[in-house]
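Hi everyone, thanks for coming. Let me put today's structure on the screen, and then we'll walk through it together.

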Amino acid sequence: MLCIVPRLTFPSECGSAMMQARRINFAMGSDVRWSAEGLLDVIAHHWGYRTLRPLQEPAMRAVLEGRDSLVVLPTGGGKSLCYQAPAVYFRATTVVVSPLIALMKDQVDSLQRCGVPAVQIDSSQSESERWSSEHDLRQGNARLVFVSPERLVNTDFYRLLQQIQVRTFAIDEAHCISHWGHDFRPEYRQLSRLRERFPQASVHAYTATATEQVRRDIITQLNLRHPEVLVGTFDRPNLTYRVLPRLDLFKQVEEVLARHDGESGIIYCPRRRDVDDLTTALLGRKHRVVAYHAGMSSEERHAAQEAFRTEQVDLVVATVAFGMGIDRSNVRFVLHTAMPKSLEHYQQETGRAGRDGLEAECVLLFSGADFFTQRSMIEKSVQEAGAVDPGFLPSALKHLDDMTRYCRGAICRHRALVSYFGQAYATPNCNACDICLGDTEEVPDATVLAQKILSCVARVKESFGINHVVGVLRGENTDTIRRRGHEQLTTFGLLKGQTKADLRDWIYQLIGQGLLLQVGEEYPLLKLNEASWQVMRGQRKVRLIQLVRRKQGEKPLLSRTVEASWEGVDQELFEKLRQLRRSLANAARVPPYVVFNDAVLRQLARLRPRNLTHMRQVPGIGDAKLRDYGKTFLEAILEHDARS
Ligand code: ADP
Ligand code: ZN
C-alpha cells in the first residue's frame, strides 16, 4: 500500500538537540511503523551522534520505507549509517555487499563495539567461524551481515537468506558494478539477479562516484525500482587542495612531512620505481614509511596494509594500487608526487584524506612532463591489453586533458573540482586551496621571459629538447653545448640567474598554454608555432605563475578549518589519548579508529570531561563505548589534568 508520508523534522547538522525531533508515527502497509524519535534514539544510543549529516535523513527514510535508493555522498559523508541505523531500528536482517574482505572485518568490529550485532560471511573464514555466523543469522541475532558479491549469489547462502527475513540489501561501493566507474569488478555484475530473487526486499546502492553515467548504470544493472536518488555535494570542505609546481621533489616532500609531523599520510607516485626510490630516500632520512605497489608479493602488500591500518606506521608511499580497503579515517594528508590520470582518480585518492571530518591537506606536485608520462603509460597499457574498446584511448586522453587543465588552472580548486562533477560552488573564496590562500603568484615580466625562452628555441633551430634549451639559457658549460658551438649563441646565458627547475617549469607552462610545442616520442624536441612567433613579435602577452617565495622556515598559510579544528584542543592530552587508544586497539586486535576516531579524541582533549555523564556528550561516544572505554579514558584525562 502506498501512502503519503509527512516530512520528518530531523535536527540539522549544526544542530538542535535530539529530543526536539517530533514524534511522527505513520503506517506503511500494515506492519511497518517507525518514528523519527525512535530512530534518533537508536543512533544516539549506539553511535553517540545527536545530529545527522546532510542527506542521511532521506537516505534512512528510503530504507525504512522499503523504497529502493541510490545514495551518492563523498567519502566520509556518512553512507554507512544510512543502512546501519535502520537495520538496528527494525531488528530485521540487512545484507551488506562489500567488495573487500579486509574492510568487512573492520566494519563488523566497529559495529560490535557500538553494541550492534553484526557478522560477516566470506571465503577467508574457517568452517567454525562460518558456522557461528550462519547460526547467528538463523537465530535472528545479527542485524547486519556483510558478504562479498560472489558469496551472495552462492546457492547455499541464497537458501539461507530465503529462510531468514531479509528486508534490506545495501550495496556498498556500488560503482564497482559499472564499466564506466574507476573500479569495475566483474563479480558485482552478478548482483543484477538480486531484484528477481528477493522481490520483497528493497535494494539500496551507495557510492562516492560522481558521474551521471555511472549513476545511470548502477540503477540499470541493479534493476532498482523507481529509486530515490540522493546526490550530495561533492565538495569536501575539510580538505585543503594545493597544486604546486614540482621543483625539487624530495625537498617538497620533506616540507609536507614537516608540516604533518607525527600525523598520517599517503604519498602517491606514478610508477613502482618511483615508490621504491622515494621510500629508500625517506627511510634514509629516518622516516618510518612502508612502500606499497602491485610489484610486491601479496604477503608484502598485506603486511604494509596492516601496518598502516593498525597505526604501526603512519606513512605509506604507494602507487594507485593502494587505496580500496584502506579505511583509516585519520589520514591527514595525501601527497601526489605527479599528476594522476584523471580527476576521477584524483578525487578518489584525495578522498582518503580526512574521512573523520577533520581537516586534511591534499598536495599535488605538478610538472608539465606529467602529461607525457601519463600519456605514454596509457598508450602502453592499451598496447599490452591488445584488443580494447576503440573508445577507450580517446576517452582516457580526454580525462588526461581535463586533469592537466585542472593543474594549470588558476581558479579555486574546490570550485574547479565541484564544477567538473557538474555541481555549482557558491563560496567565492574557499580559504582552503593554493589559489585562495595565495600560494602562487604571477611571475613578473613573464612576457619578456617567454620571449627569451622562445628565441633560444629558434636559435637552436628547433632541434633540441628541454634540457638542452635550459642549459643554453642558463649558460652552462657542458660538453654537448660546446660541441654544438651553442656557447656562441646570443641566447647563451640569457637567463643565467634562474634555476633549472624554474626554467623547466616555465617551459612546460608555455607548452601547456599552446605557446610552444613538444614533438616526438623518445627524445621530444621543442618546436615553435604561430603563437610562439606572436609572442616573440610582442603581439601577445604571456602569464606564468610561480610559488610565492616564502622566507626560510615560513610555513604556507593554513586553512580556516585547520585552525578551527584544533581550537581549544590540549594537544599534549590528545597525544596521550592517542597512545592509549593505540594500546587498547592493539590488545583487542582492531584498528585504532574502531575504538574512537580522531574527532572524538580531539573533542575529549578539548572538553576534558570530569565525569562519564559529561563524556557522553561527545559525538561518537555511544552507550557501549562509554561502558567499555569511558572509565579508562576518563582516568587518563583526570590524571593529565592533575599533572598540568
Ligand atoms: P562513507 O562511507 O560515506 O565514506 P562513513 O560512513 O565511513 O563514510 O562515515 C565517515 C565518518 O563520519 C565516520 O567516522 C562516521 O562515524 C562519521 N559519521 C557518520 N555519520 C555521522 C553523524 N551523523 N554525526 C557525526 N559523525 C558521523
Ligand atoms: Zn579556493
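Of the 644 residues in this protein chain, 54% are buried, meaning under 20% relative accessible area, with exposed being over 50% and partly exposed in between (1.4 Å probe, protein chains only). A quick word on where this comes from: it is a predicted model, where local features need pLDDT of at least 70 and side-chain atom pairs count only at pLDDT 80 or more, while totals for chains, interfaces and linings use all residues. Residues are numbered from 1 along each chain as its sequence is written, chains are lettered from A and ligands numbered from 1 in the order in which they are written, and side-chain values use heavy atoms, leaving out hydrogens and water.

Now, salt bridges. Counting a side-chain nitrogen of Lys or Arg within 4 Å of a carboxyl oxygen of Asp or Glu, we get 43 salt bridges.

Let's visit one: D402 and K398 pair up at 2.8 Å, N to O. They sit 4 residues apart in helix α15 (residues 392-408), so about one helical turn separates them; helices here are DSSP runs of H or I, at least four residues, numbered from the N terminus. D402 is buried, at 10% relative accessible area, whereas K398 is partly exposed, at 48%.

Next, which residue does D598 meet in a salt bridge? That would be R581, again at 2.8 Å, N to O. D598 lies in helix α25 (residues 598-607) and R581 in helix α23 (residues 571-588), so this pair ties together parts 17 residues apart in sequence. Both D598 and R581 are buried. They also belong to one network of salt bridges with shared partners, including E311, R328 and D356.

Terms used. Helix = DSSP H or I, 4+ residues; strand = E, 2+ residues; numbered from the N terminus.
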